Amino acid sequence: MEISGADQHMTDVGIIRPDVHIEVQVKSESTVKRSDIRTHVLSLLDRHSSVLASYKWTEFDDEFLTRNVKSVTITDAVGPKQFIDLRVHNLCIHIFSLNDDSPNTLTLEEEEELSAANHWLLPAGEFHGIWESLVYEEDIKTHLLDYVTTTIFFSDKNVDSNLIAWNRVVLLHGPPGTGKTSLCKGLAQKLSIRLSGRYAYSQFVEINSHSLFSKWFSESGKLVTKMFQKIQELIDDKDALVFVLIDEVESLTAARNAAQAGTEPSDAIRVVNSVLTQLDQIKRHPNVVILTTSNVTEKIDLAFVDRADIKQYIGPPSANAIFSIYLSCLEELMKCQIIYPRQQLLRLEELVTMNFMESDVTRLSLMLRKISQKSVGFSGRTLRKIPFLAHALFGKTSTMTVESFLKAMDLAVENQRQEQANLVNCV
């Protein structure tokens, strides 16, 4: 069984088979060599060469792996129930351990304790599982991974950016609560693992531009420059991959509009121009990726939009995506025995193959599908609250059966609809 990097593997018959990524989470207390872990993981994969995509091992028949490894996961493969033959694929094995430290605060002026940003070392324990929890019907996550991978690849190949342009800037836009900020964090976490063979470690800097502009107008662009000087210090370490997140980037436009309306002096424009200038400077470095989000599409600064390579809309989840979100919630509650006894719920692909025919096997899954359809329009943030609200408001006992919990979820969805309607009527 062969391990290689990010290149695709060409079989003898000329068929290009995509990479299969294997993520190996090492226990934090382990001190063994990564090469030894790789050898034992290869042996595991040889013994289990035909597996379900997205399969995860947490228990091992190998004492070495049991002592040193927390999990081995087949990740980001196409088709959640598709069998894959590891012997005919190019395997990319990524070995990592999580950093459980709390984020540091980047401050600019000690006497005022002015907080510029939060700073994490990746992969961070705080971000673990975010990527997997986000469900989108389209291949949004795959496209974002491919974009950054190509960015690094072009840089490593010394492609002339004057001839082929890319700015290392991603813009995610859409309504609040659709997971844009979480997607940025999950993307950075995923890439810190994917590119661990290329970079010794990764760093994540989160800037809240709304707070930045509301507090720093009177200080002109001076503090903005100081902030990016600190980021530059991180980028100067070429062994590190640095992700910079600017949340609510539409604040750039808000600043310019305020200046044009006369409510803020020309200092506001200097602040915005300083941010754009600093972004232009740091994007020249091959080891930085700039991630941005916006809730108000029509207010995004056009000067910034021109700098974004990818402008990805993130909307509310579809009924199919909601089904997958709810299913993951129910599986978690069954694992914790809040829903008991455990019962098998079918995935959407399996319901499709059965033409959604109702039977004893499909009945509960079809109940979940109806609840998912009733939940269309809810944000991802709201959807993740529904199981909690179902138990808190409509759970009659601490432990519930799957059927009783689904009925409680249905009531929780109706309750959420009514609450939203009441809020609209009060406005």
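Student: Which residues does Leu291 touch, not counting those up to four places away in sequence?

Tutor: In this predicted model, Leu291 touches Val170, Cys184, Leu187, Phe204, Phe243, Val244, Leu245 and Ile246.

Student: What makes a group of residues a nonpolar core, and which residues have the most contacts inside the largest one?

Tutor: The members must be buried residues of the listed nonpolar kinds, joined through side-chain atoms within 4.5 Å. The largest such core has 31 residues, and those with the most contacts inside it are Leu122, Leu144, Leu183, Leu187, Phe204, Phe243 and Leu291. At least two core residues come from each of strands S10 (115–122), S11 (169–173), S13 (240–247) and S14 (288–294), and likewise from each of helices H3 (130–133), H4 (140–156) and H5 (180–194). The largest share, six residues, is supplied by H4.

Student: Which residues of H11 are called buried, and what do they pack against?

Tutor: The term applies to residues under 20% relative accessible area. In H11 these are Ala321, Ile322, Phe323, Ile325, Tyr326, Leu327, Cys329, Leu330, Leu333 and Met334. They pack against helices H12 (348–353), H13 (363–374), H14 and H15 (402–426).

Student: Is Glu248 buried, partly exposed or exposed, and how do you know?

Tutor: Its relative accessible area is 27%. Buried would require under 20% and exposed over 50%, so Glu248 is partly exposed. Glu248 lies in the loop between S13 and helix H8 (251–261), and it has a positive phi of about 55° although it is not a glycine.

Student: Where does Gln337 lie, and what phi does it take?

Tutor: Gln337 is in the loop between H11 and H12. Its phi is positive, about 60°, although Gln337 is not a glycine.

Student: What omega does the cis peptide bond from Tyr340 to Pro341 have, and where does Pro341 lie?

Tutor: The omega of this cis bond is near 0°. Pro341, like Gln337, is found in the loop between H11 and H12. The peptide bond from Leu122 to Pro123 is cis too, with omega near -5°, and Pro123 is placed in the loop between S10 and H3.

Student: What makes up the lining of the second largest pocket, by class?

Tutor: A lining residue must have an atom within 4 Å of a pocket point. For this pocket, 21 residues line it, and Gly177, Thr178, Gly179, Lys180 and Arg381 lie nearest its centre. By class they are six nonpolar, ten polar and five charged; Gly counts as polar, while Lys and Arg count as charged. H5 and helix H14 (380–394) each supply at least two lining residues, and the pocket volume is about 420 Å³.

Student: How many helices and strands does the protein chain have, and what share of its residues count as buried?

Tutor: The chain has 15 helices and 15 strands. Of its 427 residues, 47% count as buried.

Technical notes: Residues numbered from 1 in each chain as written. Predicted model: local features only at pLDDT ≥ 70, side-chain atom pairs only at ≥ 80, totals over all residues. Heavy atoms only, no water. Buried < 20%, exposed > 50% of the residue type's maximum accessible area, 1.4 Å probe, protein only. Helix = DSSP H or I, 4+ residues; strand = E, 2+ residues; numbered from the N terminus. Contact = heavy atoms within 4.5 Å. 1 Å grid on protein atoms, 1.4 Å probe; cavity = no way out; pocket = protein on both sides within 12 Å on 5 of 7 lines; lining within 4 Å. Points joined across faces, edges and corners; volume = space filled by probe spheres on them.
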